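Please look at the chain below as a whole before turning to single residues.

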Amino acid sequence: MKDRILGIDFIWANRKVLKEHIALENTQKSLIALGSNTCQLALLGTRVIVTVEPEILKNMLALDFKSFYLPDLRKKNMEPLLGEGIFTTNGAAWQHSRDMLRPSFVRSRLVEDLEMFERHVNHLLQAIPRDRSTVDLQTLFFRFTLDLDFVDNLVEKALSKSQRATEKSAEEPARVTFLSQLISETTDKVRVRSELLNLLLAGRDSTAALMSNVFFELSRRPEMQARLRREIDEYVGSELPTFEGIKSMKYLRAVLNESLRIHPIVPENSRQAVQDTVLPLGGGEDGKSPALIKKGQLLAWSSYAMHRREDLFGEDAAEFKPQRWLDDEDGQGSKGLRVGWEYLPFNGGPRICIGQQFALLESSYVIIRIMQSFSNIESRDSEPWREKLMLTCMSFGGCKVALTPTA
């Protein structure tokens with residue numbers, strides 16, 4: 001960087017790679033060129049620390065959690081859309097949101113959700129062409145968009161229903177949903193709407209992007225499709241997937257893990273120091289000394305670049321290889337990948353994604369049902385994967401495939 005005060009040259013260069021949809025790759029290459037896992041940037045007079053160092057992230061997201069909040073700019077940009085909810089608040093307000101939502105993600109609720117998944121997956125399967133014509137699965141996964149007026153109407157009806165139910169006694173309890181759980185905690189319409197939008201927008205984008213990326217990779221690798229089909233035949237067969245069956249499928253989980261490693265849904269993130277503190281690493285010429293962080297300073301990290309570090313994931317870190325997660329792949333008792341803070345597909349520490357198990361379960365269910373319904377999935381796109389950065393990260397080119405129905 002030539003301009004060490006405003007960083008205008010960096011901003012201009014970043015604008016170019018964003019247009020080319022290679023900003024994540026550019027960050028990775030820049031850190032490699034610097035020969036450091038942590039660096040400092042000047043952006044419009046503000047110093048920003050950028051890191052791919054697991055120990056720094058462990059300190060910031062867990063050990064020294066209370067010293068770092070969501071950045072002011074993120075709150076300013078996201079609150080007009082999402083309101084005050086779990087993804088836009090800090091401190092006591094964030095803890096209250098998390099406490100309200102936690103009951104919706106307990107194991108017993110996840111098992112109940114499988115029936116709901118099947119109803120929606122049937123609509124998805126009916127939308128996939130059966131004549132082997134090209135279809136963009138990513139478009140189908142994102143098809144059910146949210147209408148804010150619809151959400152308002154949904155909240156109004158739920159509040160009215162809750163009031164009527166309260167007036168009655170001895171009624172058989174209805175099935176608990178995200179919305180009914182929220183209303184049991186608060187009847188503030190604005191608060192309920194905000195929390196619902198936080199969950200729905202983040203959840204929809206995350207699972208849709210994950211499933212799209214999985215099929216982007218599988219459609220180019222017939223041998224991986226075949227191995228996954230064998231596992232589906234063993235644990236599910238032609239029946240509807242069960243919670244226990246899904247949990248038993250180690251190769252499917254390895255495919256999901258690898259997709260989240262090489263294509264993290266939230267590839268970059270940041271925090272802002274709310275008090276002076278010290279990082280265990282990142283200081284000194286070699287980046288191995290403690291580093292003083294002043295109140296208000298921004299710290300950003302790239303999960304995309306960290307997940308592709310060859311010293312952490314091997315010389316083949318840039319390759320999509322689910323087998324790296326499995327034990328005894330060499331037939332000699334070798335152990336699969338065991339990860340800590342170097343792998344952060346769902347964040348870490350107290351703010352670890354509250355819906356990660358729901359997202360993995362939903363994605364697993366949909367993948368199994370599509371694989372059951374179609375005997376082959378063939379890529380119809382010769383372009384490499386490139387990012388499209390929005391609320392989350394998805395494939396710029398989508399997931400263009402042709403599917404052959406199961407006979």
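This is a predicted model: local features need pLDDT of at least 70, side-chain atom pairs count only at pLDDT 80 or more; totals for chains, interfaces and linings use all residues.

Residues are numbered from 1 along each chain as its sequence is written, and side-chain values use heavy atoms, with hydrogens and water left out.

## The chain as a whole

The protein chain holds 16 helices and 12 strands; these are DSSP runs, numbered from the N terminus, with helices (H or I) having at least four residues and strands (E) at least two. Along its principal axes, the C-alpha trace spans about 60 × 60 × 40 Å. The radius of gyration of the protein chain is 23 Å, which agrees with the value near 22 Å that a compact globule of 407 residues would have. That radius is taken over C-alpha atoms, and the globule rule is 2.2 Å times the number of residues to the power 0.38.

Of the 407 residues, 47% are buried, where buried means under 20% relative accessible area, exposed means over 50%, and partly exposed lies in between (1.4 Å probe, protein chains only). The protein chain exposes about 20,600 Å², and carbon and sulfur atoms supply 53% of this area; accessible areas come from the Shrake-Rupley method with a 1.4 Å probe, and for residues only the protein chains shown count as cover.

Contacts (heavy atoms within 4.5 Å) can also be sorted by separation along the sequence. Among those between residues at least 6 apart in sequence, 74% join residues at least 24 apart.

Which residues of helix α5 are buried? In this helix, residues 91–101, they are Trp 94, Ser 97, Arg 98, Met 100 and Leu 101. They lie on the same side of α5, because they cover an arc of only 160° around the axis, the arc being that of the directions from the helix axis to the C-beta atoms. These buried residues pack against α9 (178–185) and α10 (189–218).

Helix α10 includes Glu 195, which counts as buried because its relative accessibility is 0%. Leaving out residues up to four places away in sequence, Glu 195 touches Glu 84, Gly 85, Ile 86, Ser 97, Met 100, Leu 101 and Leu 182. Helix α10 also contains Ala 208, and, with neighbours within four places in sequence set aside, Ala 208 is in contact with Phe 141 and Phe 142.

Helix α9 is the place of Ser 180. Although Ser 180 and Ala 158 are 22 residues apart along the chain, their C-alpha atoms are separated by 7.2 Å.

The table sets out the relative accessible area of several residues.

| Residue | Relative accessible area | Class |
|---|---|---|
| Ser 180 | 32% | partly exposed |
| His 21 | 18% | buried |
| Asp 328 | 41% | partly exposed |
| Ala 208 | 1% | buried |
| Leu 228 | 0% | buried |
| Trp 385 | 15% | buried |

His 21 is found in the loop between α1 (8–19) and α2 (23–34), and it has a positive phi of about 60° although it is not a glycine. Asp 328, in the loop between α15 (310–313) and α16 (356–373), likewise has a positive phi of about 60° without being a glycine.

Trp 385 is found in the loop between β9 (374–379) and β10 (387–389). Apart from neighbours within four places in sequence, Trp 385 is in contact with Asn 213, Phe 216, His 263, Cys 393, Met 394 and Ser 395.

Leu 228 is found in helix α11 (residues 222–235). Not counting residues up to four places away in sequence, Leu 228 touches Leu 218, Met 249, Tyr 251, Leu 252, Ile 367 and Met 371. From C-alpha to C-alpha, Leu 228 and Asp 205 are 24 Å apart in space and 23 residues apart in sequence.
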